[in-house]
Amino acid sequence: MISFFSTIPSFSLAESLKTLWESTGFMTSLTPLWQNLIMMIIAGVLIYLAIAKEFEPNLLVAIGFGMFIINIPGAYQALYGTPAIDPETGAFIIEHGSKAIVEGTEGLFFYLYKGVEWVIYPPLIFLGIGAMTDFGPLIANPKSLIMGAAAQLGIFITFLVAINIGFTGEEAAAIGIIGGADGPTAIYVTTKLAAHLLPAIAVAAYSYMALIKVIQPPIMKLLTTKKERSIVMEQLRPVSKLEKVVFPIAVTLIVGVILPSALPLLGMLMLGNLFKESGVVPRLTNTAKNELINIITILLGLLVGTKATADVFLNVQTLLILLIGVVAFSFGTAGGVLIGKLMCVMTKGKVNPLIGAAGVSAVPMAARIAHNVGQEENPNNYLLMHAMGPNVAGVIGSAVAAGVLLSVFGVA
């Protein structure tokens, strides 16, 4: 009779412990452990700012955690898969701005990131933004479009700066779009024009959107006087339902004819708004502005964070992009404020220049900041609805700017 125990494979505790040790992150890490530690500290700072300081936690918690988890030694292989390495150079093989993965080792995040690579997530974000945005303040005060357009100044100034310091035209366009303070648009343009820069640009764009409370107020106060910040604006006129329904259709038609390349973003933005203003599809509206945008925001924030690996983040090019990005954001804010000051003079003090800072498309964060800075000077000053005009104009403006840049480089 064959003994039951004779069928059990030989078991070696030493060999098993050795195998376990060799599979730990300490042995399989793709980067030096000290670099992982630096990135995890940076991630901890972002999470602290999100939780303790409430700096746009809906964005920063996911970005910070994504940055943290991907820099745990050995995590990349578990989340994305085993990166492919060029046998001649020993460097990672990069495809579409991301490390190529050895076939058969693909992880969950490898598939989730396809929504970024295939630019699926950005238009869906715009659909949700449209469904929860009221274009009434813009319709009631069409001059807000000028401030929204002026706030795109940062995109084109940065584009010129980036070209002059050695980036190609396509790379410069992708970097410049950070100045629009619009993460989905930055991802969309970068994927089309310079996919290899996507990790750095996505991290920069979303990080600066989250840190808008830190970046904007000093610029706003520097460029305005106490008297200007205290200006109380007249109440906006009521906007009819007909105007609100016609607006998204008209904007889509006009911009679509002139800049078809802007339609994937702008068209989805206007569809979401049409859902909202029509009043006949409440279920679709609620899904777009709640469940859909929340799910996509979680995925985008987390995936953007996981692209901040030490090998990508801790290099001169990425740090340069981060620096240029904050300059772009600052110029966008400044452009809106300066046009606001000009309009203040032209209207003999009826326009508070602070609302121009809301021309960047970080909606509704930028509008809230303009309102808060105004209230610091005058507690009776309610600028939120006035600031929403340039703010939603900025969303349209960033999509149009993206269409312009894509058209210039012949990308549909």
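Helices here are DSSP runs of H or I with at least four residues, numbered from the N terminus. Keep in mind that this is a predicted model, where local features need pLDDT of at least 70 and side-chain atom pairs count only at pLDDT 80 or more, while totals for chains, interfaces and linings use all residues. Residues are numbered from 1 along each chain as its sequence is written, and side-chain values use heavy atoms, with hydrogens and water left out.

**The largest pocket**

Rolling a probe the size of a water molecule over the atoms shows where empty space is left.

H19 gives the most, with four residues.

The lining splits into 13 nonpolar, five polar and four charged residues. Here Ala, Val, Leu, Ile, Met, Phe, Trp, Tyr, Cys and Pro count as nonpolar, Asp, Glu, Lys and Arg as charged, and the others, Gly among them, as polar.

**Salt bridges**

Side chains of opposite charge can pair when their charged atoms come close. A salt bridge means a side-chain nitrogen of Lys or Arg within 4 Å of a carboxyl oxygen of Asp or Glu, and the count comes to 10. Here are some of them:

| Pair | Closest N and O atoms |
|---|---|
| Lys-114 and Glu-117 | 3.2 Å |
| Asp-134 and Lys-244 | 3.4 Å |
| Glu-243 and Arg-237 | 2.8 Å |

Lys-114 and Glu-117 are separated by about one helical turn because they sit three residues apart in helix H7 (residues 114-117). Both are buried, meaning under 20% relative accessible area, with exposed over 50% and partly exposed in between (1.4 Å probe, protein chains only).

Asp-134 and Lys-244 link distant parts of the chain, 110 residues apart. Asp-134 counts as partly exposed at 24% relative accessibility, whereas Lys-244 is buried at 18%.

Finally, Lys-226, Arg-229 and Glu-377 are linked in a network of salt bridges.

Conventions:
Helices (H or I, at least four residues) and strands (E, at least two) are DSSP runs, numbered from the N terminus.
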